[in-house]
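Trainee: I would like to learn how to read a few features in a model. Where do we begin?

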Amino acid sequence: MVTRRPWVVGNRWDSLDGVQPQTLPKVSVIVAHYEQPGELARTLSALSTQDYPRELLEIVVADDGSAGDVLVPPGVTLVRQDDRGFRLAAARNLGARASTGDVLCFLDADTAPEPGYVRALTRLPALLPEAVTVGRRRHADFSGIDAETPVIEAVIGRELPEPAWLAEEYARSRDLLDADDRSYRFVIGAVIACSRRLFEETGGFDESFSTYGGEDWEWAHRMWQAGAVLAHVPTAVAWHDGPEWAERTDSGLERANAQTMTLLSSIPVDGSAPRGLLSAVPDLVVRLRGTHTREALFIAVDSILTAFPRSRVMLDATSGLDIDDPRIVIDGDGDGDGDGDGDEPEARVLWELDRPVVVLESAGIAELVAGLGAGDVGTVDLVDSAGSPAGVLHSRRALRRAARWGTAEGFETLTVRAEGVHLLRSNPHVEAWVGGWGGPDRFR
């Protein structure tokens, strides 16, 4: 028997096309519910007809404080929390804690799955602990239809328009095979699955979310940064009762704006973060170790922040550079995070430097930083124009995956000449830098 590695390179879930788990895992389906008894009954009925082995399928209903009793059939676990606002994230976590499966499958009470849904959606997480799968959420009008009517019969003639923005992105990205740092927007919390291992490692859903929307996107982005493999599974179909909320003109814009504002501080990538303001978490951290001349440090830090104005630069406590700028972090214990707790930097990309550099042209290095971790490449060894080492770029995804598996094989490493980046000599010409005159010879 061939032993298969528990990772793939980059986001290449296609390397597992057609592969089935040798042993099916126990799957826990967590159904989030609030004041939807009819929809819940339909979803639970649909789950009772899944083609997944009954003895390996656990159903947990997580209720977010509904008034009165919540009825579930025998064999279904019910857990409840107090009604303290819209706490979908907390309800999902509550359901996950009450479950025992190796693979977690999250559904909303108003989203009824077709019979093959669980098997199709959990195949990849069963094979690959880092897989996060999202099913195909379709829409139908179930009004007047008995909850016991099989879903594939109930939707006949009652289909509603499928969200075009989702269908277009899944087609463009080849079902998220070509996922990038903003693909979290296409991971819909009503139809997702993942391994318990990765869910617990990343802390589950963020329970600070207490209004509609955003908790699934924040979670998906955090999972991605932790090295997750994103995949859309179009054969895993679940039917939502009613149209997509974005199609409801009375509330769509308000909800979209509220969701965007909520996520501004937690997702620092371009297109999601503020365009000028500093995010709480930077997209890039530059870690410059060692003791160097004040002149070299000044030019290095100033040139890096010119090229990447929303980044953070971390210096050792012995650096001696005394400049009051919130983007400069003095790391007192040398662990790389500036707060003394030993955690890896939370930035999407880490640039590690042992010697000061000057960035005279930023286009090349900016392109490398922007694309790192979204494809197969997770680490870039940089050399300057003279072929000397100019530091190493690490994607956070690559760092997390290497720490998890004890190997860097989950991403590729390239050596790239960093055009416009030069090593600084110890006595560079500060006046030339500040005045903006002179070529590289005045600095290197």
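Mentor: With a β-α-β unit. This is a predicted model. In it, β10, helix α9 (residues 294-307) and β11 make a right-handed β-α-β unit.

Trainee: How do the strands β10 and β11 run, and how many bridges join them?

Mentor: Strand β10 (residues 284-288) and β11 run parallel, joined by four bridges. For a landmark, take Leu288: its bridge partner in β11 is Leu315.

Trainee: Which strand does β12 (residues 328-331) pair with?

Mentor: With β11. Four bridges join β11 to β12, and the two run parallel. Here, look at Asp316, which stands opposite Asp331 in β12.

Trainee: Is strand β11 mostly covered or exposed?

Mentor: Mostly covered. β11 spans residues 312-316, and five of its five residues are buried. The cut-off for buried is under 20% relative accessible area.

Trainee: Which residues of β11 point one way, and which the other?

Mentor: Arg312, Met314 and Asp316 point one way. Val313 and Leu315 point the other way. Residues on both sides are buried, Arg312 and Asp316 among them.

Trainee: Next, backbone angles. What should I look for in phi?

Mentor: Most residues other than glycine have a negative phi. Now the cases here. Glu35 is not a glycine, yet its phi is positive, about 55°. Arg174 also has a positive phi, near 55°, and is a residue other than glycine.

Trainee: Where do Glu35 and Arg174 lie?

Mentor: Glu35 is in the loop between β1 (27-33) and α1 (37-47). Arg174 is in the loop between α5 (164-172) and β8 (191-195).

Trainee: Is Glu35 buried, partly exposed or exposed?

Mentor: Partly exposed, because its relative accessible area is 39%.

Trainee: What classes of residue make up the lining of the second largest pocket?

Mentor: The lining has 14 nonpolar, six polar and five charged residues.

Methods:
Residues numbered from 1 in each chain as written. Predicted model: local features only at pLDDT ≥ 70, side-chain atom pairs only at ≥ 80, totals over all residues. Heavy atoms only, no water. Buried < 20%, exposed > 50% of the residue type's maximum accessible area, 1.4 Å probe, protein only. Nonpolar A, V, L, I, M, F, W, Y, C, P; charged D, E, K, R; others polar. Pairing = 2+ DSSP bridges. Right-handed = clockwise from strand over helix to strand, strands pointing away.
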